[in-house]
Amino acid sequence: MANILVVVTNVSKYPELERATGLWLGEAVHFVDKMEKEGHKIDYVSPNGGYTSIDPHSLEKDSMTELDWKYYQNNQFLNKLGTTLAAEDINPEDYDVIYYTGGHGVMWDYPENEKLQNIAMKIYENGGIVSAVCHGSIGLVNIKNEAGEYLIANKKVTGFANTEERAIELDKVVPFLTEDELVKKGANYVKGNDWAPFVIVDDHLVTGQNPASGGEVAEEVIKLLNSKR
């Protein structure tokens with residue numbers, strides 16, 4: 001079975017706003033659950049290692065499903081979020097898939113983390129799968145190969161849409177918009193309907209648009225893994 005590296009944020013508060021942030025719980029849960037049912041092994045990594053907080057807005061009634069509540073009460077899962085591996089301690093040769101979760105906190109610690117970028121690029125060059133969902137797609141924008149070419153250049157990708165960011169009135173709070181940054185780095189950005197599950201696969205790059213898309217990202221990753229058997 002495959003070894004999966006799930007990336008989460010270390011940022012627990014908006015730098016210039018009195019509001020908590022962190023991992024958007026469902027974006028991890030719905031991906032991880034499908035992977036574990038296939039027998040794949042999950043490790044959790046963050047830029048600095050250690051604790052990752054859960055965005056309290058992701059725990060609101062309208063955001064939580066029965067599956068989310070199951071994981072939220074699973075101490076083994078929560079303990080893993082509290083003791084994530086550090087990016088500097090990861091050997092990319094050990095992993096077949098990397099998956100970037102979202103939550104607004106990632107906007108401040110994913111884009112400039114060269115260690116995560118190097119891990120993802122090596123996994124991709126080894127024939128592995130790079131995947132992301134929602135704001136997690138911001139983790140892809142600065143991944144380059146040794147020739148300095150962006151991983152997402154000329155590839156179809158998706159991520160949290162400008163229209164979705166404006167709808168929740170955080171477009172003026174984040175340092176940049178996910179959709180805009182993907183386009184700036186040469187990606188062919190594609191979106192579906194706001195808030196509906198939407199996933200794009202281009203070669204072995206898999207991206208989902210919003211919080212509803214994590215499970216669908218997992219399904220596409222599983223298809224790619226099965227095609228290699």
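**Close-up views of a predicted model**

View 1. Trp69 is partly exposed, having a relative accessible area of 37% (buried is under 20%, exposed over 50%, partly exposed in between; 1.4 Å probe, protein chains only). Tyr72 is likewise partly exposed, at 32%. Both residues lie in helix H2 (residues 66-72), three residues apart, about one turn of the helix; helices are DSSP runs of H or I with at least four residues, numbered from the N terminus. The model is predicted: local features need pLDDT of at least 70 and side-chain atom pairs count only at pLDDT 80 or more, whereas totals for chains, interfaces and linings use all residues. Residues are numbered from 1 along each chain as its sequence is written, and side-chain values use heavy atoms, without hydrogens and water.

**View 2. Aromatic pairs.** Rings of Phe, Tyr and Trp (its six-membered ring) pair if their centres lie within 6.5 Å; planes under 30 degrees apart are stacked, over 60 edge-to-face and the rest tilted. The count is seven aromatic pairs. The ring centres of Trp69 and Tyr72 are 5.9 Å apart with planes at 75°, so this pair is edge-to-face.

**View 3. The cluster of Tyr44, Tyr71 and Phe77.** These three residues, Tyr44, Tyr71 and Phe77, form one aromatic cluster. Tyr71 is buried, with a relative accessible area of 6%, and Phe77 is buried at 5%. Which arrangement do the rings of Tyr71 and Phe77 adopt, stacked or edge-to-face? Their pair is edge-to-face, with 5.1 Å centre to centre and 90° between the planes.

How values were computed:
Helix = DSSP H or I, 4+ residues; strand = E, 2+ residues; numbered from the N terminus.
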